[in-house]
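Thanks for making time this morning.

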Amino acid sequence: MSSNTTSTVSRRVVLTAGAASTLALTFGSTAVAADSQHPKRHFRFGSFNIHHGADADQTVDFERIARIIERLRLDAVGLQEVDRFFARSDFVDQPAWFADRLNMSAVFGANLVDAPQGPGRPNAEFGTAILSKAPIIEWENTLLPRKGDHEQRGLLRARIPAGHGEMDFYTTHLQHDDTDEREQQARTIVELARDRREPCILTGDLNDEPGSSTHEILADEFDDAWLKAGRGDENTFPVESPTKRIDYIWSRGVRPVSVRVDHHDPTASDHLPVAGRFVLKRRA
């Protein structure tokens, strides 16, 4: 894919609680009506790079990751570095596993698709996922610009009920070793979000710090929730002695109330999760 090309992936995975044994691959979107009788305006959102379920010692432990998400009591969370059917993570379909374990709905964006890693196995897929307590109304995964043979990155979007309407919840994982490519990816995210005027949350591992050009590009469209309501130590990487804030929650039309980096189990992944409380702004 050339450096100035994006495409929306039509193959989408939607999982609901209990879906681990009944995984369905679908094309297009499925609509679920919001509950207008009980409009939700207060939310807990998070972002977590789960390192394909492996801890800082490279031991795969999905339950450890699930307990962190469970303890944070999140309404929705964006996950990065998520596997499906990789040998390194015991061939587990991770989005389905987390959906079942946490009684949440999930969607998965496959940014990398490799050949099966064992006889009779499905293709191995790697990307991002969104877990939501509320039904996911629609979803899509858009491939972001990349250069040459760099790792493909994507922007996964899920629409969820909010207030008397809906909001968009995004997650992404930007290029780690090319500033220009990361800037192109950030500009594409801004362009895609501007085409959709609903309130939104953007989560992800940006592989860049506050004050960077990537941060400035995104700040033209979104509010960095940490700068509005961050509390405590802001750094998320590396977990042994965090010195960088590269994991984020951004918002538009949703007000951050309190945002923290979670240190409860710091070596469950190679990144620390960030989570916070948010209130949907009332429309004029």
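Let me begin with Phe-62, which counts as buried because its relative accessibility is 9%, where buried means under 20% relative accessible area with a 1.4 Å probe and protein chains only. Phe-98 also counts as buried, at 1% relative accessibility. This is a predicted model, in which local features need pLDDT of at least 70 and side-chain atom pairs count only at pLDDT 80 or more, while totals for chains, interfaces and linings use all residues. Residues are numbered from 1 along each chain as its sequence is written, and side-chain values use heavy atoms, with hydrogens and water left out.

A search of the whole structure finds eight aromatic pairs, a pair being rings of Phe, Tyr or Trp (its six-membered ring) with centres within 6.5 Å, called stacked if the planes are under 30 degrees apart, edge-to-face if over 60, and tilted otherwise. One of them is the tilted pair of Phe-45 and Phe-278, at 5.6 Å centre to centre and 45 degrees between the planes. That pair links distant parts of the chain, with Phe-45 in strand S4 and Phe-278 in strand S15, 233 residues apart; strands are DSSP runs of E with at least two residues, and helices runs of H or I with at least four, numbered from the N terminus. Both Phe-45 and Phe-278 are buried.

Phe-62 and Phe-98, in turn, form an edge-to-face pair, 6.3 Å centre to centre with 80 degrees between the planes. Phe-62 lies in helix H1 and Phe-98 in helix H2, so this pair ties together parts 36 residues apart in sequence.

How values were computed. Buried means under 20% relative accessible area, exposed over 50%, partly exposed in between (1.4 Å probe, protein chains only).
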